[in-house]
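Hi everyone, thanks for coming. Please have a look at it first.

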Amino acid sequence: MDRILVTGGAGFIGSNFVHHVVATTDAHVTVLDKLTYAATQESLEGLPDDRVTLVIGDIAEPEVVEPLVADVDAVVHYAAESHNDNSLSDPGPFIRTNVVGTFTLLEAARKHDKRFHHVSTDEVYGDLELDDPKRFTEDTPYNPSSPYSASKAGSDHLVRAWVRSFGVRATISNCSNNYGPWQHIEKFIPRQITEVIDGRRPRVYGDGLNVRDWIHTEDHSSAVLAILERGRIGETYLIGADGEKNNLEVVQAILRHFGRGDDDIEFVRDRAGHDRRYAIESGKLRQELDWRPQYQDFDAGLEATIEWYVANEAWWRPHKDAVEAAYAAKGQ
Ligand code: NAD
Ligand code: DAU
């Protein structure tokens, strides 16, 4: 593939994928991104101009999308409203970007017969009990809980329908919780790191026993590229790195890094409809595409991520007060 359009390529995970493509292939990347509050445009600085072009625009506008899709070999679709808490306060943008935006891209891919990869989430499967021996697989029924996960489930269903009804050459990946550099400080790990840097206590929802299955964003990128290059058309692949931790374990690791006590935690109001546990069985991806995560040790990956936020305060500091004011208004 010589030319790839990456939607949401200025966001946390999309920008990591752009770096991965530039480092490991000869492809030219066009990034289409609206540069919402969540964009991390600085993460694209320093990439070679002859390999990466940024177009500022909205994936839900056909006149923006169509000429860009016509001009590439493949579309890798990351752009989304991505934060569950925001979807509970204001679901509208999630429906527009995640559902209408995906529809708009699919129509362009159909018209111009382009390869399409849709980046989705494990949250479409709902949640598991803490003691459930099962993990999510590609056959788990859809059962989303929040406006965010329902909008992502809707987008997955559109992709499946466009494959079956119109023969669009698409694949889907559903990944677990990502961590790493450039993640917006509204999200759990960067929020707690920056709270502790500011001398406050980590803010944990409910009893803190909710489990997330953490994967380093670089491992997500290598998996998406493997699926784009070698995945079977029409197939879904789950992406995970066997990284289950409950939220207390994560904040305690952050506290220990800064020499603070394990119980120096503030328990705050729980998230409405809070999913209890996510866990990914990624055997299909590993067996079919011979993919393996490079970050096998979550504690080491978290340490590196903490150090990155300490070293990059100039990037996140301007956003900190507004993020905390919004959480304070919700009692979180
Ligand atoms: P993010 O919020 O950090 O970035 C989203 C990017 O999309 C931003 O750069 C934003 O400006 C852009 N965007 C938003 N609306 C747009 C629009 N209408 N038109 C064009 N661009 C728009 O999100 P992220 O955490 O990097 O997630 C990227 C994708 O990966 C999403 O599809 C998300 O559902 C999926 N995903 C995320 C995780 C995770 O743990 N964060 C896990 C699995 C899947
Ligand atoms: O599973 C994949 C999903 O992971 C992605 O699809 C989403 O885009 C991404 O945001 C993430 O969703 P979560 O809701 O799991 O992530 P979040 O970082 O918001 O929260 C992680 C856990 O931490 C969750 O159990 C809620 C809890 N939490 C979160 C915040 C922000 C807290 O306890 N305190 C907090 O301040």
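A word on the ground rules. This is a predicted model, where local features need pLDDT of at least 70, side-chain atom pairs count only at pLDDT 80 or more, and totals for chains, interfaces and linings use all residues. Residues are numbered from 1 along each chain as its sequence is written, chains are lettered from A and ligands numbered from 1 in the order in which they are written, and side-chain values use heavy atoms, with hydrogens and water left out.

Let's start with ligand 2. How many residues surround ligand 2? There are 25, and the closest are Thr121, Asp122, Tyr148, Arg271 and His274; a residue counts as near if one of its heavy atoms lies within 4 Å. That shell divides into seven nonpolar, 10 polar and eight charged residues. Helix 6 (188-197) and strand 8 (203-205) each supply at least two residues of it.

Now look at the oxygen atoms of ligand 2. A polar side-chain atom of asparagine 177 lies 2.7 Å from one, and a polar side-chain atom of arginine 191 also lies 2.7 Å from an oxygen of the ligand. Tyrosine 205 uses its backbone instead: an N or O atom there lies 2.8 Å from a ligand oxygen. The protein covers 95% of the 690 Å² of accessible area that ligand 2 has on its own (Shrake-Rupley method, 1.4 Å probe).

On to salt bridges, meaning a side-chain nitrogen of Lys or Arg within 4 Å of a carboxyl oxygen of Asp or Glu. The structure holds 29 of them. In one, arginine 135 meets glutamate 281 at 2.8 Å, N to O. These two residues are 146 residues apart in the chain.

Another joins glutamate 266 and arginine 203, with the closest N and O atoms 3.9 Å apart. Glutamate 266 lies in strand 13 and arginine 203 in strand 8, so the pair ties together parts 63 residues apart in sequence. Is arginine 203 buried or partly exposed? Arginine 203 is buried, at 16% relative accessible area, while glutamate 266 is partly exposed at 32%. Here buried means under 20%, exposed over 50%, and partly exposed in between (1.4 Å probe, protein chains only).

My last pair is arginine 276 and aspartate 207, whose side chains meet at 2.8 Å, N to O. They sit 69 residues apart.

How values were computed: Polar contact = N/O pair within 3.5 Å; in protein donor to acceptor, adjacent residues only side chain to side chain. Helix = DSSP H or I, 4+ residues; strand = E, 2+ residues; numbered from the N terminus. Nonpolar A, V, L, I, M, F, W, Y, C, P; charged D, E, K, R; others polar.
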